[in-house]
Amino acid sequence: MSTPLRNIIVVGGSFVGRMTAQELASIVPSTHRVLLTEPHSHFHHLFTFPRFAIVPGQEHKAFIPYSGIFKASPNPSNHGVVQARVLSVKPNHIELDREWHGSKELPFDYVVLATGTRLSKPAAMDDDDKASSVEYLQKHQASVKRSKSILIVGGGAVGVQMATDLKEYYPDKEVTVVQSRPQVMPNFHFGLHHLIKRRFDELGIRLITGSRVIVPPSGFPNDGSTFDVHLTNGNTESTQFVVLATGQTPNNQLVADLKSSRPDSESVINPENGFIRVRPTMQFLDEEYSNMFAVGDIADTGAQKAARPGSIQAAVVAKNILALIEGRAAENTFVKGPGAIHLTLGMKHNVIFRNPDTVDGQTEPWIKPKDDGREDLNVEAMWERLGISVENPREYHL
């Protein structure tokens with residue numbers, strides 16, 4: 001009788017979770033299988049949502065089947081995707097919201113949390129199926145098209161990208177960005193704010209800083225009529241459509257019940273920010289849970305919440321889990337680097353911006369402006385990375 005495969009579970013199938021699952025599947029021995037748990041039926045290409053919520057015709061490409069994710073691994077048939085929502089993580093099993101192979105409990109040797117953060121629509125979707133999410137983006141596009149004035153709440157990457165896309169694609173519309181901080185993109189060197197402000201001025205985008213939008217309990221009407229938006233500075237702005245591009249709330253509820261048996265141990269979740277405390281090895285800080293890892297936005301590394309540091313963390317986790325399987329110590333570590341971003345500032349114009357590396361004595365950022373942007377944001381390349389070869393454009397609707 002064959003020995004059952006031992007489970008390595010990755011919770012969350014967005015960018016960093018997907019990379020972690022693929023990294024693991026490429027190196028773990030045939031005695032183990034990687035199970036990626038994700039409630040969405042398709043991979044959500046989050047970076048395209050700000051563009052596809054405005055520009056029509058590409059939205060169906062933002063949702064990619066998971067069916068090819070393990071195709072390139074040595075033992076592709078060992079691994080799998082569990083379409084289910086994880087309700088809770090226990091010391092040696094996870095609890096699902098639906099049965100998988102006859103059980104709502106899934107045991108593991110190792111678990112990796114890549115649950116990320118919750119974002120406001122249209123930066124994230126409420127629905128788990130592709131058809132409903134495509135329909136939402138199409139409705140958002142129609143609302144944007146019919147509105148003569150649009151106000152964007154938030155001056156982070158989503159707000160900046162949507163504002164520049166909007167004003168370039170619909171130059172006759174009035175576009176206003178309200179940012180609560182004195183600068184947009186406040187986690188970056190002030191040079192990025194200056195760069196974005198120049199681009200806003202070129203396109204004719206109004207920027208209001210240092211004030212918050214007061215969001216009504218029932219939300220904004222966004223029904224095509226003109227309505228007033230009240231700011232905390234006492235001013236009022238009239239608009240026909242409001243886009244919320246605010247904040248990130250950690251998806252930490254899955255480990256809220258994990259407690260240490262040692263009274264001197266720190267909590268699993270950092271109460272100051274809601275992220276999971278981790279060691280440089282990406283293992284949970286509490287040594288009682290050394291078989292648990294966190295990567296990406298949910299991990300309290302102090303690093304920028306972005307795909308690039310997340311991909312480095314994914315590789316660290318895979319190597320450390322392999323070491324533990326082989327009876328060695330987990331010794332690979334993640335080292336935080338300067339924050340960087342690849343930001344679109346319109347349909348073709350984009351910039352790669354990296355904060356100064358103060359460890360090396362740098363005082364100025366590294367900036368590379370580009371004008372090679374594509375309307376579909378090269379989303380088709382992600383289909384290839386997920387193991388899906390498309391021969392007919394109709395296959396992008398699958």
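Predicted model: local features only at pLDDT ≥ 70, side-chain atom pairs only at ≥ 80, totals over all residues.
The chain is divided into two domains, and each comes in two segments of sequence: domain 1 covers 6-119 + 249-326, and domain 2 covers 140-246 + 339-376. Between their C-alpha centres there is a distance of 30 Å.

Now the interface. On the domain 1 side, 11 residues are in contact with 20 residues of domain 2. Together the two domains bury about 1400 Å², with 54% of that on carbon and sulfur atoms. Of the area that domain 1 buries here, 46% comes from R51, I54 and Q304, more than any other three residues supply.

R51 comes up again when we look at charges. Two salt bridges are found across the interface. As for R51, its side chain meets that of D165 in a salt bridge, at 2.6 Å from N to O. Counting polar contacts between the domains gives 10 residue pairs. The side of domain 1 that touches domain 2 is made up of six nonpolar, two polar and three charged residues.

Next, S41. This residue sits in the loop between β2 (32-37) and β3 (42-44).

What does S41 touch, leaving aside residues up to four places away in sequence? The answer is Y66, Q83, D128, D129 and K130. D127 is 86 residues from S41 along the chain, yet their C-alpha atoms are separated by 9.5 Å. Finally, the side chains of S41 and H42 are joined by a polar contact of 2.8 Å.

Definitions and conventions
Residues numbered from 1 in each chain as written. Heavy atoms only, no water. Domains from an automatic or database assignment. Contact = heavy atoms within 4.5 Å. Buried area = accessible area lost by both parts, 1.4 Å probe. Salt bridge = Lys/Arg side-chain N within 4 Å of Asp/Glu carboxyl O. Polar contact = N/O pair within 3.5 Å; in protein donor to acceptor, adjacent residues only side chain to side chain. Nonpolar A, V, L, I, M, F, W, Y, C, P; charged D, E, K, R; others polar. Helix = DSSP H or I, 4+ residues; strand = E, 2+ residues; numbered from the N terminus.
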